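Colleague: Could you take me through this model, with the criteria behind each value?

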Amino acid sequence: MGGTTVALLELGIIFLGLGLLGRIAARMGMSPVPLYLLGGLAFGHGGLIEFGGIAEFGHIASEIGVVLLLLMLGLEYTAKELVTGLGQSWPAGLADLVLSFTPGAVMALMFGWGGVGAMVLGGVTYISSSGIAAKVLTDLGRLGNRETPTVLSILVLEDLAMAVYLPILTAVLAGASFLGGLQAVGISLLVVSAVLLLALRHGHRISSWIHSPDQETFLLRLIGAALLVAGIASTLQVSAAVGSFLLGIAISGSTAENAVRVLEPLRDVFAAMFFVVFGLNTDPATIPPVLGWAVLLALATAATKMATGSWAARRSGIGRWGQLRAGTTLIARGEFSIVIAGLAVASGAIDGQLAALVTAYVMLTAVAGPVVARFAEPLVRRLVREPEIAR
Amino acid sequence: MEETPLPGIGVRRELVLDSGRRVGIVIHRDGETELIVSKLDDPDACLASIPLSVQEAATLGSLLGGPQLVAQLSEEHRELPGIRTMQVPLTRNSPFAGRSLGDAHIRSSTGASIVAIARAGEILPSPAPSEELLAEDVLVIVGTDEGLAAATAILNGS
């Protein structure tokens, strides 16, 4: 069999497997990300069967997956929302950064991964999954709750922080000096501010340039623009992912809504591929030794997220049950923790154990987070004997 | 009314009632609407959040907006004894759903007149005889007690 034939067979099996896993996840009302990682572990190096034929396609497809993930994230927000969010909730955002970045950074130092490792693992534990949080809020009927805007504004700030964090990480992973790192910070802050300003003033122009009444043309222009911007950003050492995130922010209004609709299926395919490839490159045998540490890290960062959420909710005058709900919604980590770890693994600058630790950590929090968000309030109410009154 | 942006999701518009309860809607980016009612013991949380279709939301709006119009008209007719204002919802099985207002001949046979139609959350004042009636319209009718009773019977086919 030729290389292409093998690759087609393997891809077919992988996507069918992912379809099955996605169905199970939907049945259980959970995020499919942990199951995709599990699928990747099963078919990768040291797994049940080793799939070697898709390395080339898997690599480029997962890059595109990251670009599309970030583009869709950018499309979710308007520049105005980001700027207002920054103005109103920066104290909560800062507390979030300090509290949830630290545990990851400390553990990386303990493992002897140095400053670069601390930067990576800190980012992994910092960023909550806005995808999982939004799903939890919708599924539990909490969109009308008063603590919900607080939760959303923290998520907005985290996502915005990624636009500054990812370029710095890219520079650091490439082995930049302290000065080079500072330069990356400067460039990325400048680019982010320029894009936000451009999007606020001329967002409609960028949108109308991309827009086309014909769905096919629209999709091609959108993908073309995203990949081109990602490539340019990558050349400028600003990280491809951030380029597409900023493009997403700049596209606004009805164009953004249409873009979300046409891109969603593509994003699902390529993002699934990204998670699988991350799993493929992780040897399942490396997970058990770090599992205990992953549990410890999950517990510590669940506590810090709960502290952040409750504090931010209290600042907005929310009662104690609302504070509890706000805190638990933030526990789940997901897609972007894997994006960060993926960058680190691809650069080869970090010990292979990191991938195992992050895989276990994300699987734990992504599965447990929504469960805790659902049951924390009824459980605590039972403990303090203050039953919920349904009226 | 309070408006709260929900970044990445949409916007929430709500009203705080005298009882302290919040009642309002969450409008998603894609236009989906949810009716929300907060709890009394925990006003931060919601007792219910009910997804509504565009049509359902509009009908609910007419039902809620109708009484205010009736109260206003009744106030204006207070000087005229024997005249009342009433709102009559057009049921799905009304013989006039989908037909023009003129076909019902309300004025000539009962003496009552249809002064407004509440539809899709909006009020159509002084509808023309050519105006098409739709199921779930709320008709605002002015007339005597007998006239109103007769008009209701004609409109809803009994």
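Predicted model: local features only at pLDDT ≥ 70, side-chain atom pairs only at ≥ 80, totals over all residues.

Colleague: Which helix supplies the largest share of the lining of the second largest pocket?

Modeller: A pocket here is an open set of points on a 1 Å grid over the protein atoms alone, where a 1.4 Å probe fits, with protein on both sides within 12 Å along at least five of seven lines, and lining residues have an atom within 4 Å of a point. The second largest pocket is lined by 37 residues, with His59(A) and Ser62(A) among those nearest its centre. Helices are DSSP runs (H or I, at least four residues) numbered from the N terminus, and the largest share of this lining, seven residues, comes from H3(A).

Colleague: Is Arg333(A) buried or exposed, and which side chain does it join by a polar contact of 3.3 Å?

Modeller: Arg333(A) has a relative accessible area of 0%, and is therefore buried (under 20%, with a 1.4 Å probe and protein chains only). Its side chain makes a polar contact of 3.5 Å with that of Thr301(A), the term meaning a pair of N or O atoms within 3.5 Å, one able to donate a hydrogen and the other to accept it, where residues adjacent in sequence count only if both atoms are side-chain atoms. The polar contact of 3.3 Å joins the side chain of Arg333(A) to that of Tyr361(A).

Methods:
Residues numbered from 1 in each chain as written. Chains lettered and ligands numbered in written order. Heavy atoms only, no water. Helix = DSSP H or I, 4+ residues; strand = E, 2+ residues; numbered from the N terminus. Buried < 20%, exposed > 50% of the residue type's maximum accessible area, 1.4 Å probe, protein only.
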